[in-house]
Amino acid sequence: MESKTSAGIIGTGSYLPEKVLSNLKLEKMVDTSDDWIRSRTGIVERRIADRQTAASDLSIKAAERALEKANIGAEELDLIIVATITPDYFFPATACIVQDKLGAKKAAAFDLLAACSGFVYGISVAEQFIKSNAYKYILVIGVEVLSKIVDWSDRNTCILFGDGAGAAVVAPVEEGKGVLFTRLGADGSGGDLLMLPGGGSRIPCTSSSVENGLHYLRMSGSDIFKFAVKIMGEFTVETLKDCGFEVEDIDLLIPHQANLRIINSAAKRLDLPVEKIWTNIHRFGNMSAASIPVALDEAVSQKRIVPGSLLVLVGFGAGLTWGINVIRW
Ligand code: UT7
């Protein structure tokens, strides 16, 4: 039987805006407290992009670092996938802007919308193109500038989010390595639990939609919390079982960084020591599609993932969507 090519990550990069917004500063902006934010979410500070910075600007910086680590030039890329819910524009795709600015002349490019699961979805799409031998080098970026779609007077949401970008180059790797297993899911019936209602073809942007704040992100926090706990626990356990691994086999789990309480409940459900779970929510808040690739780049740089490590990425978020990548580094 013809053996399929394996797809693996051969380089990672990330970029975070310099401006830090601490809980203490937020206390002066809305009716909240450092103590509430830390105890309910685990967040201490987050990064916020400048007024003139858009998703493609953060993406390009993360991408350049990933390409350097992968030791390939932008002109070698076959495809660029940008996972984001905060693109520069509705269209053209942010991926096309990135393609132009990087000089990735032969690359196809498209955006992928799966919210906080976007990077995991992106890796699984890239995996298919590599496995089928259609493409050799694919750049997957997870990027968000959530500060631009957050209502800064709404304490329920504005304390949670941050801006950033992470990137990974996916390419053929030796058999037995790379993405071993992927599973994606969605439940559109929960779409209204986390959404941006205005500005699309359902509620086009008008002065009244803006007056009513429909251009801001809305979230039913406690419902999303329950969904997230379920995904992080049951879905992860079931998927590992289905692909023949035990929880003890995991060297590092990188979950979407939405709330430290969600991560801790997963650790308990999985019976996985907290040292095996990468956490950076205290420094960056929830960066939606960027959370996992930024964490991945940190873990690789700090050598918490080394050749042979079993890495599990788990995302969940708006859509509702969820997904898991099981990767042998
Ligand atoms: O990335 C996509 C996925 N997103 C998520 O996974 C987010 C999931 N949800 C969460 O992380 C949590 O639901 C939140 C952090 C958003 C909220 O935590 P919670 O424990 O579910 O709090 P709550 O919404 O039930 O609110 C508890 C109380 C309320 O006051 P009352 O009604 O009990 O008097 C809120 O008004 O906390 C109040 N509250 C705040 N107080 C101080 C809500 N936000 C704040 C705040 N500061 N920023």
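**The shell around the ligand**

Modeller: In this predicted model, the residues of the shell around the ligand comprise eleven nonpolar, eight polar and four charged ones. Of these 23 residues, Thr32, Arg40, His256, Asn259 and Asn286 come nearest to the ligand.

Arg40 places a polar side-chain atom 2.6 Å from an oxygen atom of the ligand. Arg155 likewise has a polar side-chain atom, 2.9 Å from an oxygen atom of the ligand. At Gly221 the backbone is involved: one of its N or O atoms lies 3.0 Å from a nitrogen atom of the ligand. As for cover, the ligand taken alone exposes 950 Å², and the protein buries 72% of that.

The elements that contribute two or more residues to the shell are helix 2 (34-41), helix 6 (155-158), helix 8 (221-242) and helix 9 (260-270). Helix 8 supplies the largest share, four residues. At the level of domains, the shell draws at least three residues from each of domain 1 (6-176) and domain 2 (180-328).

Asp271 is found in the loop between helix 9 and helix 10 (281-284). Its phi is positive, about 55°, although Asp271 is not a glycine. Most residues other than glycine have a negative phi. Asp271 has a relative accessible area of 66% and therefore counts as exposed, the cut-off being over 50%.

Technical notes. Residues numbered from 1 in each chain as written. Predicted model: local features only at pLDDT ≥ 70, side-chain atom pairs only at ≥ 80, totals over all residues. Heavy atoms only, no water. Near = heavy atom within 4 Å. Polar contact = N/O pair within 3.5 Å; in protein donor to acceptor, adjacent residues only side chain to side chain. Areas by Shrake-Rupley, 256 points an atom, 1.4 Å probe, with all protein chains shown as cover. Nonpolar A, V, L, I, M, F, W, Y, C, P; charged D, E, K, R; others polar. Domains from an automatic or database assignment. Buried < 20%, exposed > 50% of the residue type's maximum accessible area, 1.4 Å probe, protein only.
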